[in-house]
Every structure is written in structure tokens, then in C-alpha cells.
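Here is a short briefing to read alongside the coordinates.

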Amino acid sequence: MKKKLLSVVLSTAMIAAVLTGCGGGDDSAATSAPADTTADTTAEAPADTTAEAPADTTAEAPADTAASGELIKVGIINNDPSESGYRTANVNDLQNMFTEENDYDADFAYSLKNDEQITAAQKFIQDGVDYLLLSAADTAGWDSVLQDAQDAGVRVILFDRTIDADESLYEASIISDMDQEGQTAVDWLAGQNLDAYNIIHIQGVMGSAAQQGRSGALQAAAEEKGWNIVAEQTAEWNAEKAQQIVQSVIDSGKEFNVIYAENDDMAKGAVAALDNANISHGVDGDVIIMGFDTNTWALEELKAGNWNYDGQCNPFQASYIDEIIKTLESGGTLDQKVIIMDEKGFDAETITDDDIANYGI
Amino acid sequence: MKDESVLEMRGIDKSFPGVHALQGVDFTLRKGEIHALMGENGAGKSTLIKVLTGVYSKDEGKIYLEGNDKAVEIRSPQDAQRLGISTVYQEITLCPNLSVAENMYIGRTENMLLNWKKINSDTDKILKSLDIPAKPTQQLGSCSIAVQQMIAIARAVDMECRVLILDEPTSSLDEQEVAKLFKLMRDLKAKGVGIIFVTHFLDQVYEVCDRITVMRDGKLVGEYAIKDLPRVQLVSKMLGKELDDMADIHGEQTAYDKGADMAPVLEAEGLVSDAGIKPFDFHINKGEVNGFTGLLGSGRSECVRTIFGADRVTGGKVKMNGKPVKISKPIDAMRNGIGYLPEDRKIDGIVGDLSVRDNIILAQQVLKGFFKPFSKAEANKIADEYIKLLSIKTASSDTPIKSLSGGNQQKVILARWLFTHPEYLILDEPTRGIDVGTKIDIQKLVLKLASEGMSVTFISSELDEMLRTCSRLIVMRDRKVVGELSGDDLNQSKVMSTIAGGDK
Amino acid sequence: MPNNSAKKLNGTNALQNLFRNQIFIPLAALLLLALFNLIMDPSFFGISFGYNSLGNPVLSGSLITILDNGSELAILAIGMTLVTAASGGQDISVGAAIAIAGSTLLRVLCGTNSRPDTLQAPIIVAFLISCVVAMLFGAFNGVLVAYFKIPPMVATLILYTAGRSIAAWINNNELPIISEPSFGYFGSFIPGIPIPTPFFIAVICMIVITLVMKFTNIKLFVQSVGINDSSSRLNGLNPELIKIMSFVILGLCVAVVGLIKVSRISSINYSVIAKDIEMDAILAVALGGNALSGGKFNMAASILGAYVIQFLTTTLYKYNVQSDALPAYKAAVVIILVVVSSPVVREKFSKIWKNLKAKEVG
């Protein structure tokens with residue numbers, strides 16, 4: 001029994017790096033995803049939903065089907081919607097776009113596990129989809145299945161996450177630039193022209209792309225501009241942990257005037273700690289609050305002046321994908337393979353209700 | 001070393017701390033014979049087998065094998081196997097999820113490259129030659145227990161064993177399966193293999209064996225050809241009572257007056273459980289002490305466990321004081337005023353880490369209910385009372401029971417059941433493994449309780465104790481009730497001949 | 001002289017008794033941590049009085065933080081101690097079960113709208129429903145362990161993997177947010193009372209379990225089943241029922257912690273809420289000197305163990321130890337504990353102790 005406990009404790013320590021925040025990423029983000037504890041209850045879904053796909057639709061026919069006004073068959077492989085608020089928004093966005101009204105016949109498969117995703121991909125290829133849309137759980141292991149897709153004439157579009165495979169194997173890749181997200185936020189912070197910068201830096205799960213991009217920008221700026229990082233800790237995207245971290249800084253009596261939290265949940269936890277200590281924050285407050293991911297509730301906090309800044313991590317790739325498919329269907333070509341999405345940063349003083357409606361997730 | 005013998009053990013001695021388990025034991029196994037090794041609990045037969053198979057190292061003595069003039073040293077089970085000594089245990093030690101052929105060859109070769117085709121065909125040959133109904137590629141787990149046992153034997157035979165030890169191979173087999181196994185044993189015997197057969201079933205010994213070696217208390221009693229040793233003789237040798245001095249010693253036996261109070265407390269009819277006993281009838285009267293007797297493994301414990309609902313009861317009717325009751329689990333029995341001191345004190349009796357006090361109040365506390373705990377003061381008072389009553393030697397009532405001596409642990413368990421004030425108390429081997437003084441205390445207590453009107457069923461391996469305390473004995477053999485003795489029949493010779501059964 | 005030696009004997013006996021008492025282990029750990037902080041920075045023990053942003057009086061300081069956050073763990077430790085004692089194994093699904101309980105709570109409070117302006121049900125009703133749900137999941141684990149004889153860690157692995165998805169499913173993957181301020185009281189402060197509410201909730205739980213242990217046979221029965229299943233059965237107990245009961249009680253603890261957790265942020269994040277809390281709860285039981293293989297237990301020691309773990313966590317935060325390295329520190333503590341409490345080491349220690357005494361006498 002004791003041995004068992006030990007092994008579990010140790011292995012938990014090892015798999016602590018789990019991706020849960022803004023799920024975009026290019027390299028290490030995806031590698032940690034399989035370790036996530038959330039089970040995937042929808043993995044079997046594609047097997048059921050694809051069963052009724054007509055067997056005679058061949059892969060070579062996309063142009064014909066589009067021309068004759070028939071539906072475009074797409075197979076969409078995504079991470080599990082319960083992974084995070086970001087993912088939920090991402091999944092909803094795709095589901096709203098790829099409907100019959102928009103001339104699509106879409107099947108969805110969700111899994112946080114690479115092997116299950118690959119199985120789903122093979123299934124889609126067999127079913128003869130025209131397009132395979134993929135947000136991979138892991139960067140590796142996709143070469144052979146994408147080669148199969150190419151051989152079968154299925155076009156592949158990556159979204160949200162890129163993979164380690166030859167560029168020729170896919171048509172396009174639509175991703176967020178995490179470094180840019182961080183840079184936008186840090187530039188905004190520099191623009192505040194504070195007398196002193198004493199920053200509590202609350203990080204996401206270490207090694208995830210979102211953490212690396214957002215931490216990198218802040219750390220570089222701090223070094224360059226001589227900002228003081230009071231505390232730098234990972235709360236692993238977790239609000240309660242963030243609360244504890246900020247609480248411990250307050251308890252130790254250190255001065256700080258900026259909280260740079262790498263997602264909204266952690267910013268919320270930090271604010272809870274400030275509220276308990278009656279430290280004012282937000283617009284006209286003593287402490288500047290910065291968050292990421294533009295959750296609707298976070299933007300509302302911004303609008304109310306409780307927070308100062310929220311950076312976007314755009315989950316709305318559907319319209320980009322739609323555009324690409326339309327271009328390809330009409331015989332056009334793409335200017336570039338890798339498409340980086342526009343991502344904004346919102347300031348409490350300038351945010352509008354429209355922004356909340358449009359960008360909140 | 002005689003020519004016809006495959007194995008000779010001479011003057012084997014083995015001690016454990018506090019126990020002299022083997023005292024200069026000799027044992028001879030001849031070529032092509034089936035040799036029964038008999039003895040009651042603690043006789044030393046399993047120690048002897050473990051010395052032979054290299055599990056234990058002997059302190060003294062020599063072991064000779066056929067073809068070797070020099071004594072051999074067996075230091076590990078691997079040594080034993082290399083020397084051609086194989087054991088098949090009661091529990092199958094093969095891998096049920098592998099195929100028959102894989103089981104035959106696993107762990108026998110250091111060659112990483114295996115020719116499965118050859119292995120399968122070889123296995124097929126062996127199976128055919130021994131007439132074992134199994135296919136080489138079949139999964140072992142899909143075979144019946146008997147066939148698995150036979151495959152284990154086949155594996156041993158194929159490893160060119162000269163000495164095959166079968167340790168209780170028949171306990172989980174039905175009659176037809178036993179017959180098949182015996183055929184295989186006879187075949188092997190014809191091939192010159194010496195077989196040591198350990199069993200509790202007397203009938204089987206007389207059916208298949210050529211010779212018997214009897215052990216008792218770590219010593220050799222003797223080696224006999226089967227035809228020279230009638231059953232009753234065998235039983236008397238195992239129990240250590242010569243037929244000659246079986247003069248009646250039941251003088252001390254309680255004078256249970258049959259006329260006084262014949263009201264039966266418990267009556268059972270056709271009672272049977274899943275522990276493998278035949279259905280039996282049973283009754284006990286108020287103030288009576290009766291007992292189940294029989295050799296180890298004859299089913300006497302299983303009978304009382306069935307009465308108490310400790311094993312899964314699969315049939316039969318029970319009446320308590322004339323009223324039909326349903327006893328399917330221990331709590332039912334307890335609610336009907338039955339107490340049960342189990343045979344295995346360590347596994348079924350004590351709750352080791354708990355204090356003497358908690359161990360004493362446990363059963364009554366369960367009866368009283370979840371929401372009515374004894375207060376600490378009450379519990380202490382009760383515990384102290386019983387510690388004094390049974391003169392339990394313990395530092396305090398707070399001492400964990402596991403740190404007490406065996407006899408005192410037994411007294412605590414006894415106290416536990418006395419405290420429930422049962423109408424009917426079952427004591428299964430209450431005197432095993434405890435000192436003589438305590439044994440006598442317990443016997444006296446049993447008689448005293450009975451005189452106060454309690455009904456007691458008393459089981460002991462020691463016939464003397466049974467004869468001294470019980471006024472009626474139910475005799476068991478091979479998991480069946482084979483007789484009931486009372487009055488003048490209660491003497492050693494009658495008991496032993498009933499235990500032995502069959503023709504003299 | 002005899003008088004003198006008798007006195008000495010008494011002294012060593014008292015010391016030995018203290019050493020033998022289970023509570024010695026967490027107490028020693030607590031003192032060690034306190035000493036460390038006292039030497040490094042006495043301000044650790046400072047408690048200040050102020051007002052929070054709602055204008056309510058609050059106490060703050062590291063010790064208050066420990067009471068606040070350690071209370072969740074203390075509540076879980078109560079249930080985990082019983083499960084450990086009865087089943088000889090641990091429930092690793094409590095984190096996931098908290099997600100389920102919290103999600104249920106929010107679902108009832110929010111109704112169909114994930115952002116209600118007013119609560120759709122009284123908090124007490126929502127809490128009771130979440131209790132029932134958490135206890136049902138506890139019973140599920142208990143049945144697997146008791147009747148199907150699956151080792152607890154394996155049995156609870158099912159809920160451990162599936163629980164958070166179930167939690168997300170309960171709220172249709174939406175993110176409910178409660179705007180009602182009174183809902184936040186459970187995770188922070190009740191107006192006018194400067195001590196964190198979770199501590200009060202923990203104290204209530206402690207009082208309840210103390211009363212339960214006093215007025216029922218739960219302790220005797222659970223221990224007896226944990227020590228010797230077979231003998232307990234022969235004494236009329238139903239070991240299966242007792243094991244299931246322990247899991248159901250843990251379920252109740254889970255629901256209480258779920259309330260505190262979701263109240264803290266008036267929302268929930270299914271994938272990270274109460275993450276890895278099961279390991280801390282198990283650690284609390286171990287730190288309390290309770291055998292993880294079941295049997296005898298000391299509830300007070302477990303609860304103290306829980307606060308010691310929070311003490312350790314807060315200390316590590318204070319010294320800016322990377323929080324993703326925390327599990328490694330805790331793992332180190334477990335290794336030390338398990339090794340020290342193993343029979344082999346204990347025997348060795350008692351031998352050394354005896355030798356020392358023999359020398360003293362000689």
C-alpha cells in the first residue's frame with residue numbers, strides 16, 4: 001500500500017505540467033496535454049456520427065460537390081471542450097460555423113489523447129471527407145496519417161496548434177502567436193509610465209506555449225527596463241493557487257503594484273486575495289491587474305474598472321478556416337501557409353460593451 | 001543406499017525458535033511406489049517436504065538420491081528441481097492466462113529463441129502419452145482444476161523428475177476428477193517415478209498408496225506397507241494412542257443427565273454450506289456439551305462454521321428452541337444467542353491492533369448496535385471484570401491483544417463471547433497452541449458453563465480433551481458425518497474405529 | 001536511591017509515551033516548521049487587523065492563511081482517515097469529486113442561466129443536493145471497493161479520470177458565475193467576523209466527527225474492519241457496509257470542501273479546481289501517523305497533519321519556492337514518513353533505544 005502511494009505521489013509530481021489554460025500552442029503546449037487528468041468522454045462520438053456517412057463520396061470530388069451545391073464534408077478533430085473556457089469557446093465557434101446552412105457536412109471528434117485523435121483522423125479519411133481540420137493534442141506522430149490523407153485527396157487544415165510534420169502535408173495552419181500576446185501586454189504595461197514597477201508574476205503551467213510566450217515577454221521587459229519582479233510563481237492556471245500566492249506576498253509585507261496573471265482565472269484568484277486585504281486594484285486602484293484569454297466575465301471586470309488589462313487569445317478560428325476552404329474550393333491559392341490571427345489587448349478605460357459581446361468567450 | 005530406493009532421508013533434524021519441528025526423521029521412497037505421508041497438525045510433514053524441496057535448510061541429517069553414493073545438499077527449490085524432485089501443490093502455481101504449452105516450458109530454458117512449433121508438438125506428445133484431455137494451445141485457465149493439476153504433474157514429469165511430491169492435490173477435486181488423477185498417478189508409478197502423496201483423505205490413501213509413513217510431533221512413528229496397517233491402526237498411530245491402552249478414561253466426563261432437561265436448544269436438518277461438506281443433521285440440548293471429532297480436514301470446523309453462518313449456507317433448516325430461524329450470516333446467529341470461537345485465532349479471532357478491552361466488548365457492542373456505544377467507564381469495568389474472571393495476564397485492558405501470549409489471547413476471545421451471554425457457545429479448537437494450564441482452565445470453564453445451563457459444542461484435536469468434556473461426539477470422516485457416539489461408546493477405541501471407518 | 005531511579009523511570013516512560021503517541025509525529029513536524037520560520041523571519045507569526053474591500057473586519061497574516069487554506073484539507077482528512085482505516089487504501093478521486101460537487105452546487109444555484117442575477121435556489125438547498133450527489137459518488141467508490149474487492153486506488157481511479165468531465169457536463173461546459181455576495185462568505189469572511197469562514201466550517205466538521213465518534217461505534221467498527229476483516233465478520237459486523245459508509249462520509253466531506261472552493265471564486269474551473277488535493281489529504285493521514293494500510297487511526301493527528309501540510313505549503317510560498325516544485329517537497333516528506341514508520345526501521349530504532357538504555361543501566 002505504501003509503495004503504491006509513493007508511486008502515485010511521485011508520478012503526480014512528474015505529470016504536474018498539464019496544459020489547461022489558453023490552449024493554443026506551437027511546440028511544448030501540446031506535449032503536456034495527454035497528461036491532463038480530465039477524461040475524455042466524447043472520444044467515441046465520431047464512431048457513431050460518422051457511421052451514416054455515404055460510402056460513395058470519393059475524395060477526388062470536392063470541386064464537383066461544391067459546384068453542384070452539395071455539402072462540403074469536413075472532419076473536425078479537436079481537444080475536449082471541458083479542457084478550458086478557451087476550448088469551450090473554440091468548439092462552439094466551430095460548431096456554429098460548420099453547419100448545413102453554411103454548406104458544410106461536419107463531423108466532430110474530441111479527445112485530449114493523440115492516439116485517439118489519430119484513430120479519429122483515419123476514420124474520417126476512410127469516410128472520405130473533403131477537409132480534415134485538426135487541433136492536435138500532441139505535436140508528434142502525425143506524419144503517416146497526414147500522408148494517408150494526402151494520398152486519399154483529403155486536404156488538411158491545422159488550427160490552434162501546429163504539429164511536427166512536413167509543411168507539404170497540410171494546406172494551412174491558423175495559430176495564435178503567444179509571444180505577440182505577451183508583447184502586446186508588456187507594451188501596454190510599459191505605456192502606463194508607472195513610477196516604479198513591482199510585479200507579482202503568476203505563471204501558467206510551466207512549459208506550455210501560452211506560459212512561455214507570456215512569461216518570455218515580461219521577463220525580457222523586466223530585464224531591459226529594470227522592472228522589479230516581487231514574486232514569480234506558477235499557479236498552474238488555478239485561481240485558488242493564485243490566491244494563495246498573492247496572499248503569501250501580502251502576508252510577507254512586500255510592496256507591489258502590478259499583478260501579471262497569465263490567465264483570467266489566476267487574475268481572479270489574485271484579486272480575491274487583494275479584496276481580503278483591502279488593497280485597491282483596477283482603474284484608480286493601487287494595484288494594476290492584468291489577465292489573459294478575454295473571458296466574458298473578465299472583460300466585464302475590466303469594464304467595471306476592477307481590472308486594467310486583458311489580452312486576447314483568439315479561439316475564433318472558424319471564420320479563417322471557412323475563408324480558406326472557400327478560396328480552395330473556388331480554385332484559388334493561399335498567399336501563406338501559416339496564418340497568425342489578430343489578437344487584441346483590452347484596456348479598462350477604452351473597452352466597450354461591443355468589445356465584450358464580440359470578443360468575450 | 002538400497003538399490004530399489006530413489007530417495008532416502010536419514011536423521012533429518014530441524015528447529016525453529018521455540019519448536020523442534022523435526023527430530024531425527026528417516027524417510028525412504030522406493031522406485032515406482034506411491035507413498036502416503038500422514039500426520040495430524042504439527043506432525044512435521046510439511047516441514048519435511050520443505051526440507052526436501054529446498055525451501056528450508058535442514059539442521060542435521062543426510063539426503064541420498066538414486067545413483068548418488070554421496071549425500072546431496074538441497075539449498076534451494078532450484079537445486080531440488082535440478083536433482084529431479086518436483087512438487088505439485090494444492091493451489092495451482094502455473095499461469096492461467098498462458099497456453100498449456102507455454103506453461104509446460106516456461107522458465108525451463110535459458111534459450112531466448114524458442115521453437116514454438118516444436119514445443120507445441122512436444123507438449124501434445126506428452127499430453128497424449130499421459131492421456132490428459134487438453135490441447136497445447138489451449139489457455140490453461142480454460143481447463144478444469146483437475147486437468148490443470150494434471151498439467152502441473154505432466155510438467156514435473158517432463159522435467160525428468162524421479163521424486164514427485166503431491167501436496168493435497170485432491171482437496172478441490174470432485175470424485176471423477178480424483179479418479180482421473182489416480183489413473184495418472186498409477187501410470188507414472190508404472191514408469192518408475194516415486195510419488196509422495198500428502199492428503200487428509202483416508203479412503204484415498206487406501207485406494208492408491210503402497211506404503212504409509214506416519215509422523216507425529218516432529219518424530220517418525222513408523223513406515224508400513226499398506227496391507228499391514230488397518231485403518232484403525234493408522235488413526236491410532238496418527239493420534240498417538242495405542243489401541244491397547246484404550247481403557248476407558250472418561251471418568252472425568254461430565255455427568256450429563258439425559259433425563260433432566262432434554263429440550264433441544266438448536267436443531268438443524270440437512271445443513272450444508274459452500275465449504276464442501278456433505279449435508280448434516282445436528283442438535284444440541286440445553287446444558288449439553290457435545291463435540292465434533294475427526295481427523296484434520298474431515299470437515300468438523302466447516303460444520304460449526306455452517307451452524308454459525310460463517311461460511312455461505314446453501315441449504316438446510318435450523319430451529320432455535322423449537323422456532324424456525326434463518327441464519328445466513330454471523331449476526332443472525334448472534335442475535336439468536338449463538339457464540340463462536342473460531343479455529344484460527346489469528347485470522348478469525350483476534351483484532352490484533354485493538355486493545356484487550358475493545359476485543360472483549362466487540363461482539364456485544366455489535367449486538368447492541370451502532371448508535372449505542374459503551375461508555376469508556378462501562379467498557380473498562382467490563383474488561384476488568386472478565387480479565388479477573390478468566391485470569392487473563394495482560395499489562396492493562398489498554399494493551400493491544402496481539403502482544404499477549406496465545407493462551408491469553410484465547411481467553412480474551414472467550415471473554416468476548418461469554419460477555420454476549422450466549423445460550424449456545426461453539427468452541428472450535430479453543431485449546432490449540434496454548435499452554436497446559438490454560439487448556440485445563442478452559443475445559444473446566446466449559447463444564448462449569450454447561451452446569452449453569454449453557455449448551456456448548458467443543459472441538460479439539462486432542463481426543464482426551466474431547467472425551468473428558470463431551471457427553472456426545474459427532475464423528476466425521478472425509479467431510480461427512482459418519483457416526484454419533486454417546487454413553488458407553490465414548491471411549492478411544494470406539495472413537496478411533498469410527499473415525500477410521502471402512503473394514504478393519 | 002530506589003526513589004531516584006523510580007523517578008527517572010517515570011521520566012523516560014512519559015517521554016516514551018509521547019514518542020509512541022501518534023500525534024507526536026505531526027506535532028514534531030509542526031514545531032520543526034514553526035522553529036524554522038521563527039529563526040528565518042519572526043514576522044511570519046505576525047497577525048494584523050484590518051478591513052477587507054467590502055468593509056468587513058478581517059485578520060490577516062501567514063497564520064491566518066494557514067487556518068484558512070488548511071481547513072479544506074482538514075475536512076478532507078477526516079473522511080480520508082476513515083476510508084484509509086476501513087479499506088486499507090486511499091481515495092484518489094476526491095479532487096475530481098470536489099469538481100462534481102462544486103459543479104452541482106453551481107448548477108442548482110444558477111438554474112439554466114449560467115450568469116443569473118439572482119440565485120435560482122437557496123444556498124442551503126443547493127448545498128444539500130451537492131451533498132447527496134457527492135455521497136452517491138462516494139457510495140459508488142465504496143461499492144467497487146467493498147463488494148468487487150478492487151483495491152481502493154484502482155477503484156477510485158475511475159472517478160479520478162472521469163470526474164472532471166462529469167463536472168463539466170453537469171454545467172454543459174459553461175462557466176457559471178455567482179454574483180450574489182453572500183455566496184462568497186463561505187470561502188472568505190462573514191461580515192463582522194474577522195476569522196476566515198472555512199476555519200469555522202472545519203471546526204464544525206471536527207465537532208460533528210467528535211460527537212459521532214463519541215455517540216456511535218464508528219471508531220471501533222471501522223478500526224476492527226480495517227485490522228481484521230474476517231474476524232470482524234465473525235463478530236457480526238458487515239465489513240462491506242462499513243467500508244461503503246466510510247466512502248460516503250468522505251463524500252460528505254468532499255461536498256463541504258466543494259462549497260468552500262467554489263465560494264472562494266464564486267465560480268469553477270473544472271479542470272483545475274482542487275487539483276492534486278487528494279495527495280495532500282492522503283499525506284495528512286500519513287503525517288498523522290496513521291498506517292496507510294488501514295486499521296487503527298487517530299483523527300486528531302490527521303487533522304493536525306492537514307494543517308501541518310498547509311504550514312509547509314505557506315512556508316514554501318513565502319520563500320518563493322517554485323510552486324510547481326511543491327509536489328516534490330511533499331513527496332520527499334512522504335518518503336521520509338513511510339520509511340521512518342516502516343516496521344524495519346522502527347525495530348532498528350527500538351533496538352538502538354534499548355541498547356542505549358542498557359548502557360545507561362550498565
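**Chain B at a glance**

In this predicted model, H5(B) is followed by Glu160(B), which has a positive phi, near 55 degrees.

**Helix H5 of chain B**
- H5(B) covers residues 145–158, a run of 14 residues.
- From first C-alpha to last, H5(B) reaches 20 Å, close to the 20 Å expected at 1.5 Å a residue.
- Because 12 of its 14 residues are buried, H5(B) is largely enclosed by the rest of the structure.
- Among the buried residues are Gln148(B), Gln149(B) and Arg155(B), along with Val147(B), Met150(B), Ile151(B) and Ile153(B).

**Where chain B meets chain C**
- Chain B brings 23 residues to this contact and chain C brings 18 residues.
- On the chain B side, the elements giving two or more residues are helices H10 (330–335), H11 (345–349) and H12 (356–368).
- H12(B) provides the largest share of that side, with six residues.
- By class, the side of chain B that touches chain C holds 17 nonpolar, three polar and three charged residues.

**Confidence**
- The average pLDDT of chain B is 85, and 92% of the residues score at least 70.
- Over residues 245–255 of chain B, pLDDT stays under 50, and the model has 21 contacts beyond four places in sequence for them.
- Where pLDDT is low, the predicted coordinates should not be read in detail.

How values were computed. Residues are numbered from 1 along each chain as its sequence is written. Chains are lettered from A and ligands numbered from 1 in the order in which they are written. This is a predicted model: local features need pLDDT of at least 70, side-chain atom pairs count only at pLDDT 80 or more; totals for chains, interfaces and linings use all residues. Two residues are in contact if their C-beta atoms, placed from the backbone, lie within 7 Å. Helices (H or I, at least four residues) and strands (E, at least two) are DSSP runs, numbered from the N terminus. Ala, Val, Leu, Ile, Met, Phe, Trp, Tyr, Cys and Pro count as nonpolar, Asp, Glu, Lys and Arg as charged, and the others, Gly among them, as polar. The expected span of a helix is 1.5 Å times one less than its number of residues. A residue is buried if 20 or more other C-beta atoms lie within 10 Å of its own, exposed if 12 or fewer, and partly exposed in between; C-beta atoms are placed from the backbone. pLDDT is the predictor's confidence in each residue, from 0 to 100.
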